[in-house]
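Here's a quick briefing on a chain and its pockets. Have a look at the model first, then read on.

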Amino acid sequence: MKTIGIGIIGWGFMGRTHTLAIRALPLFYPDAGFEAKLIGVCSRTVSKAEKARRELGFEYATGDYHDLLSNPRIDVVSVCTPNADHERMVIDALKAGKNVYVDKPLTVDYESAQRILAAAKGTKGKVQIALHNRFFTSTLRAKEIIDEGRVGEILSFTCRYLHSGSIDPDKPMGWKQGVGGGVLLDLGSHALDLVTWLIGQQPAEVLCAENTLYPERPTREGGICHDVTEDHALMMLRLKNGALGTVEASKITAGTTDVMFLEITGTKGAIRWNLDNPGWLEFYDNTQPEVPLGGMRGYTRIECVGRYPAPGGSFLPAKNAIGWERGHMHCYFSFLNALARGETPAPGLEEGARLQRLLDCMAASAALHGWVTVD
């Protein structure tokens, strides 16, 4: 059985999330054909890395990510650091011959993404972006339905990704509210990727408006930051066929925690999806005839739940409800499974760069207060 050694760079929330996914693989994907082994963990605060080593089974801890890149037993590095660090770490990892699993977005802007693409040429490592919302049973089923043509030509769509964590003006800000962050890169990247992946196309042009709730925020060190990024972005996308859709990303929506709603309509049908209940997908078949008493018209609630294809889907039993972490597990499994089989993982560098370009177009539209053409 192939052993894939893994190093984690960054021991914040996403470092823990990636580690959770890796440790869960033997339970959720028995007989996968590979073994994922935690080798090293890196944090700027070495004491945190040491605690992770003791508690979670890493072989060693370090404060320098180059220690992971120079280790021949490490095949994969997970880049779980702030967006502004991604470029140098991904490039360094690829030049060191490593495969890379990098948290979304790929980097901070399209120019940076182009530099990563250029540096990747001639290297052997493969890259996957951790866009885990693609990897729920329900979103995978939605992709199948759309690709089968059962929704028909896309006519409209909407996606809203909502948090409430930035409403409190006295809450100390984190890096996601400063330079290199913002709700567009944080939540907007997920929403835009999910929509464009499902409908299978990029928009022809976009319009975006942003709002920064407070012009300044307190820092964790007790100071005040005046360089605060946007808390709310409202976007409109026009497809090549003229169809319009909206995407919203907000961290100032009271009454929400981690909420995403998605609806896509077409000439033959429609789908609806809700992150609060990721085991289920709603599908409307518009080809059903109108008959007295309704016949079979109406939304069908599809029981996707834990029914991942083998070797997934056996634990927990498929009928059990799934949660947010399950998308991360299947996303990481899909990456390692592709490596073990010699296949190309997805979404990869080119998709990450396209998403970065789209995010740049949104930011440009917000600055110009007008429509921007997507090249």
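Accessible areas here come from the Shrake-Rupley method with a 1.4 Å probe, and for residues only the protein chains shown count as cover. On that basis the chain has an accessible surface of about 16,700 Å², with 52% of it belonging to carbon and sulfur atoms. Keep in mind that this is a predicted model: local features need pLDDT of at least 70, side-chain atom pairs count only at pLDDT 80 or more, and totals for chains, interfaces and linings use all residues. Residues are numbered from 1 along each chain as its sequence is written, and side-chain values use heavy atoms, with hydrogens and water left out.

**Overall fold**

- The chain holds 9 helices and 17 strands, which are DSSP runs numbered from the N terminus (helices are H or I, at least four residues; strands are E, at least two).
- Its radius of gyration, taken over C-alpha atoms, is 21 Å, which agrees with the value near 21 Å for a compact globule of 375 residues; the globule rule is 2.2 Å times the number of residues to the power 0.38.
- Along the principal axes, the C-alpha trace spans about 70 × 50 × 40 Å.
- Of the 375 residues, 53% are buried, meaning under 20% relative accessible area (1.4 Å probe, protein chains only).
- Take the contacts (heavy atoms within 4.5 Å) between residues at least 6 apart in sequence: 70% of them join residues at least 24 apart.

**Largest pocket**

- A pocket is an open set of points on a 1 Å grid over the protein atoms alone, where a 1.4 Å probe fits, with protein on both sides within 12 Å along at least five of seven lines; lining residues have an atom within 4 Å of a point.
- The largest one has a volume of about 1,400 Å³, a volume being the space filled by probe spheres set on the points, which are joined across faces, edges and corners.
- Its lining counts 46 residues, and Gly-12, Phe-13, Trp-175, Lys-176 and Arg-220 lie nearest the centre.
- Helices H1 (13-28), H4 (83-95), H7 (183-199) and H8 (324-341) each supply at least two lining residues, with the largest share, 4 residues, coming from H4.
- By class, this lining has 16 nonpolar, 16 polar and 14 charged residues (nonpolar: Ala, Val, Leu, Ile, Met, Phe, Trp, Tyr, Cys and Pro; charged: Asp, Glu, Lys and Arg; polar: the others, Gly among them).

**Second largest pocket**

- This pocket has a volume of about 290 Å³.
- It is lined by 14 residues, with Val-127, Thr-344, Gly-348, Leu-349 and Glu-350 closest to its centre.
- Helices H5 (110-120) and H9 (349-368) each supply at least two of the lining residues, and H9 gives the most, with 3.
- The lining splits into 6 nonpolar, 4 polar and 4 charged residues.

Methods:
Buried < 20%, exposed > 50% of the residue type's maximum accessible area, 1.4 Å probe, protein only.
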